[in-house]
Amino acid sequence: MTFELMRNCLGHEMGHMFGLPDADGDEAIMGPLNVSHPIAKPNDAEVETVRAIRADTQAIRPLTNAFTGAEHQILVIPLEGPEAHCK
């Protein structure tokens, strides 16, 4: 396997670590491996998706357990639309 193909595979798998799903696009690092045209870096849409995922994680904040003093993570997701009115 050439360096370019290994870089493409590593970039693809790292994309999964950052929350990106597999894609159909030929010019996407998250697309299928094309041995005749390896992708060297994520495209603009993939970068923006990772940035959006990162921004969403800003809603995660530490929560201290009142009984043990241990810190835990809590994700606060504001509900919008009809689901927000469910009781």
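A residue is taken as partly exposed when its relative accessible area lies between the limits for buried, under 20%, and exposed, over 50%. In this predicted model, Asn-34 has a relative accessible area of 34% and is therefore partly exposed. Asn-34 belongs to the loop between H1 and H2. In sequence, Asn-34 is 29 residues from Leu-5, whereas the C-alpha atoms of the two are 8.5 Å apart in space.

The protein contains two helices and two strands, and their order along the sequence is α-α-β-β. Of its 87 residues, 13% are buried. Among the contacts with a separation of 6 or more, 25% are between residues 24 or more positions apart.

Helix H1 covers residues 3-17, 15 residues in total. The buried residues of H1 are Leu-5, Asn-8, His-12 and Gly-15. Viewed down the axis of H1, these buried residues fall within an arc of 85° and therefore line one face of the helix. An α-helix has 3.6 residues a turn, so residues three or four places apart point the same way. On the other side of H1, the exposed residues are Phe-3, Leu-10 and Met-17. Just after H1, Gly-19 adopts a positive phi of about 100°.

With neighbours within four places in sequence set aside, the contacts of Asn-8 are with Ile-29, Leu-33, Pro-38 and Ile-39.

Phe-18, like Asn-34, is found in the loop between H1 and H2. At 47% relative accessibility, Phe-18 counts as partly exposed, because the exposed class requires over 50%. Once neighbours within four places in sequence are left out, Phe-18 is in contact with Val-50 and Ile-53. Phe-18 and Arg-54 are 36 residues apart in sequence, with a C-alpha to C-alpha distance of 8.7 Å.

Phe-18 also takes part in the lining of the largest pocket. Rolling a probe the size of a water molecule over the atoms shows where empty space is left. The largest pocket holds about 210 Å³ of space. Its lining consists of 16 residues, and those nearest the centre of the pocket are Gly-15, Phe-18, Leu-20, Pro-42 and Val-50. H1 and helix H2 (44-56) are the elements that contribute two or more residues to this lining. The greatest contribution is that of H2, with five residues. By residue class, the lining comprises nine nonpolar, two polar and five charged residues. Two of the residues nearest the pocket centre, Phe-18 and Val-50, are in contact with each other.

How values were computed
Residues numbered from 1 in each chain as written. Predicted model: local features only at pLDDT ≥ 70, side-chain atom pairs only at ≥ 80, totals over all residues. Heavy atoms only, no water. Helix = DSSP H or I, 4+ residues; strand = E, 2+ residues; numbered from the N terminus. Expected span 1.5 Å × (residues − 1). Buried < 20%, exposed > 50% of the residue type's maximum accessible area, 1.4 Å probe, protein only. Arc of directions from axis to C-beta. 1 Å grid on protein atoms, 1.4 Å probe; cavity = no way out; pocket = protein on both sides within 12 Å on 5 of 7 lines; lining within 4 Å. Points joined across faces, edges and corners; volume = space filled by probe spheres on them. Nonpolar A, V, L, I, M, F, W, Y, C, P; charged D, E, K, R; others polar. Contact = heavy atoms within 4.5 Å.
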